[in-house]
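Hello,

Here is the structure I promised to pass on to you.

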Amino acid sequence: MKINKETFDNLPAELQKAFKPNPNNADEYDNGEEAVDGLKSALESEREAKKKAAQERDELRANQQAEIDKAREKAIKEARQTGNWELVEKDLREKLAKAEAEKLEAINARDLETSRAHEANIVADLGKLFVSPSAVGPMIKSRLKTEMVDGKPVTRVLDAAGNVTSSTIEDLRKEFSTNAEFKSILVATKGSGGGATRPAGGSGATPTKRKDFANLTEEAKFANANPVEYAAMLAQEQS
C-alpha cells in the first residue's frame, strides 16, 4: 500500500516501521502490500474453510480405508500363493504407513487453512477500529498467534516483542482503542460537532465514499469530525 509523506509522518512510530521510502519518489512510502477492495469477509472465508475441511476429512477417510483394504487383499493373496509371510507383512506395513502419512499431510494442510481463516477474521474485526484497516492489517497480525488445539483454532495475543501473553482479543481491542499514538487513525466514536469536513484541496464537495479522500490524514480527520457519516460510508462499502 502506497502513502504520501504527510500521511507517513502522521502515522504512529509502530506503523511507520512497516513502510519504506520509495528511492525514486521522496514523497512516497510503501509497505509492500496492495490495498484490495471488495474482498470476501473473513467470516465467509472461515465458513468455506470449515466446509472444505469437512469434505476433505470424509474423502481422506474413504481413501485411507480403500488403501488399507487393497493392501490387505494383496497380502492375503501373496500369502496364499507363496507363503512368504515376512514379505507380505513388510508390504502391508509400507502401504499402511504411506496411507497414514498422506492423511497426516492433508490434515496439517487443512488445519493451516482453518487457522489462517480464523486469524484473518479477527484481524478484519479489529481493523474496523481504524480508518484504514488495510494499512494496519500487518500490525494487527503481528500481535496475534493462532494454533490448532484439539482440532479447533485458538488465537493468542502477543506483546510488542512477540511474546505470548494472557491478554484476550478484547484486551487487545481496548489497547488499540486507548493508545494515544493511534488517536489520529482511529474511527471516531463521538462527534466533535460542526458540519461535514471536506477533503483539503478537493472540489469542495462532501465526500460520500472512502476513495474521495486523497490520503489517510484526510480520511482520519473526516472520521473524527463526522462519525455518523463515516460509519454510514463504511456500511455502504460493506453492503
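**What I found**

The chain has 8 helices and 5 strands, where helices (H or I, at least four residues) and strands (E, at least two) are DSSP runs numbered from the N terminus. Along the sequence they come in the pattern β-α-α-β-β-α-α-α-β-β-α-α-α.

Before you go further, please note that this is a predicted model, in which local features need pLDDT of at least 70 and side-chain atom pairs count only at pLDDT 80 or more, while totals for chains, interfaces and linings use all residues. Residues are numbered from 1 along each chain as its sequence is written, and side-chain values use heavy atoms, with hydrogens and water left out.

For the chain as a whole, 32% of the 239 residues count as buried (under 20% relative accessible area; exposed is over 50% and partly exposed in between, with a 1.4 Å probe and protein chains only). The accessible surface is about 15,200 Å², and 51% of this belongs to carbon and sulfur atoms (Shrake-Rupley method, 1.4 Å probe). Of the contacts (heavy atoms within 4.5 Å) between residues at least 6 apart in sequence, 60% join residues at least 24 apart.

Now the spaces. On a 1 Å grid over the protein atoms alone, a cavity is a set of points where a 1.4 Å probe fits but cannot get out, and a pocket is an open set with protein on both sides within 12 Å along at least five of seven lines; lining residues have an atom within 4 Å of a point. Grid points are joined across faces, edges and corners, and a volume is the space filled by probe spheres set on the points.

The count is 1 cavity of 30 Å³ or more, and the largest cavity holds about 60 Å³. Its lining includes Leu11, Leu15, Phe19, Phe130 and Ile185. By class, that lining has 9 nonpolar, 1 polar and no charged residues (Ala, Val, Leu, Ile, Met, Phe, Trp, Tyr, Cys and Pro are nonpolar, Asp, Glu, Lys and Arg charged, and the others, Gly among them, polar).

The second largest pocket has about 180 Å³ of space. Helices H2 (13–16) and H5 (133–141) each supply at least two of its lining residues, with H5 giving the largest share, 4 residues. The lining has 7 nonpolar, 1 polar and 3 charged residues; Glu14, Lys17 and Arg143 are among the lining residues.

Best wishes
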